Amino acid sequence: MSDILPARPFVKWVGGKGGILAQLVPYFPKELPSRYCEPFVGGGAVYFAMGHLFKECVINDGNCELINAYTVIRDKVEELIPLLRLCPYEESFYLRLRHLDQTWGLENLSDVQRAARFICLLKTCFNGLYRVNGHNFFNTPFGKYERVLICDEARLKDCHRYLTDVPTTLTCEDYHSVLDVATPDTFVYFDPPYHPVSDTSYFTSYQTGGWDSFEQRELHDVCVELDRKGVKFMLSNSAAPFINDLYSDFNLNYVKAPRSINSKGTGRSAIAEVVITNYDTYQGNASLLHPDWLKLRKGAACAHALAEDFASTCPPEESLGRFAQIFGEEAAAGSRVETVRATVKRRKGGDGTRKAELKALS
């Protein structure tokens, strides 16, 4: 076993596999290939726990803000941490931060600023849910918690260490690109947007475009091509009848996973997921999971309960100053205009005072 210690994901991610990793590992190939490829990396729970067992890794996601955050944590974590320390847990700051993609454009932010924005939004939004609308604008509402650890310095440094020690290529491409990089010495793990198990459980809004049955069939075609090339793959999805039927030409196994994005806590009961492989599964690889990984899982709740957020007590009147300090006066001015514009729009024209304020700021 490698002497590289595992790490915990730096953000929560819908469908993250940390909670069921111990169930997934026994389905890994008995003999691991030399390369690991994950086309839908998300929060990276599987990568951060298992990537060090391979000689090299390729992790990809279609969300370029997410991949930028990975890249910054690997290459510029010492620049990222001071910015996150300044971020207050305050709703008006959150809304200004969220609206940057609608006002003057993320292209005016540096890569480190974009990573700080992304992490802060994910740490302080409702249920840690990354969601965008049809224009690809982040639209998750503010989350109201007793305490939020925006800058988890220890975890960020652990992820930096892991991304540095494990030879890893980071890409932001369509998942079809796996056909160009996967060879018989590659193990591919797919964790795509899940097919809904019911009409009320449909959630695929990680980015514009969405996922439907057509996309699921396209992914199946990619799996067929990988199988033809002699590439071992494992795929997680919902145990919906459609998925079971679609992948009936491969090996199907089932695990129980907690539901994490229901608006009501009582609706987050365990549900069945299918684990699909193109090789005979071997129920003997649980030992591949590093013993320190379980310690990290158990220590996560304690770390959040005991840690003090550097900026959690920032008064609301200081949040704009913090905003300008982190993202620049141009961003603060643009966000201030957008805040007033949104208020006027809600009032369907508003009163003369608001209109005059908007005109003065524009």
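# Close-up views of a predicted model

In strand β2, I59 is the bridge partner of E38. This is a predicted model, in which local features need pLDDT of at least 70 and side-chain atom pairs count only at pLDDT 80 or more, while totals for chains, interfaces and linings use all residues. Residues are numbered from 1 along each chain as its sequence is written, and side-chain values use heavy atoms, with hydrogens and water left out.

**View 1. Strand β1 pairs with β2 in the parallel sense.** The two strands, β1 (residues 35-38) and β2 (residues 56-60), share 4 bridges; strands count as paired if DSSP finds at least two bridges between them. Helices (H or I, at least four residues) and strands (E, at least two) are DSSP runs, numbered from the N terminus. Between β1 and β2 the chain passes through helix α2 (residues 45-50), and this β-α-β crossover is right-handed. That term means that, with the strands pointing away from the viewer, the path from the first strand over the helix to the second runs clockwise.

**View 2. Here is β1 again, now with strand β4 (residues 186-190).** These strands run parallel and are joined by 3 bridges. Look for V188 in β4, the bridge partner of C37. R35 and C37 point one way from β1, Y36 and E38 point the other way, and all are buried. Buried means under 20% relative accessible area, exposed over 50%, and partly exposed in between (1.4 Å probe, protein chains only).

**View 3. A disulfide joins C64 to C172.** The S to S distance is 2.1 Å, and a disulfide is defined as a pair of cysteine sulfur atoms within 2.5 Å. With -90 degrees about the S-S bond, this link is left-handed. C64 lies in helix α3 (residues 64-86) and C172 in the loop between β3 (168-171) and α7 (178-181), so the pair ties together parts that are 108 residues apart in sequence. C64 is partly exposed at 41% relative accessible area, and C172 is partly exposed too, at 28%. The structure holds 1 disulfide.

**View 4. What is the nearest cysteine sulfur to C37, which is in no disulfide?** It is the sulfur of C57, 9.3 Å away. C37 has a relative accessible area of 6% and is buried. Another buried cysteine is C159, with a relative accessible area of 0%.

**View 5. F40 and Y175 form one of the 26 aromatic pairs in the structure.** Their ring centres are 5.2 Å apart and their planes meet at 35 degrees, so the pair is tilted. Rings of Phe, Tyr and Trp (its six-membered ring) pair if their centres lie within 6.5 Å; planes under 30 degrees apart count as stacked, over 60 as edge-to-face and the rest as tilted. The pair links distant parts of the chain, with F40 in the loop between β1 and α2 and Y175 in the loop between β3 and α7, 135 residues apart. Both F40 and Y175 are buried.

**View 6. Y247 and F250 make a tilted aromatic pair.** Their rings are 6.4 Å apart from centre to centre, with 40 degrees between the planes. Y247 and F250 are both buried.
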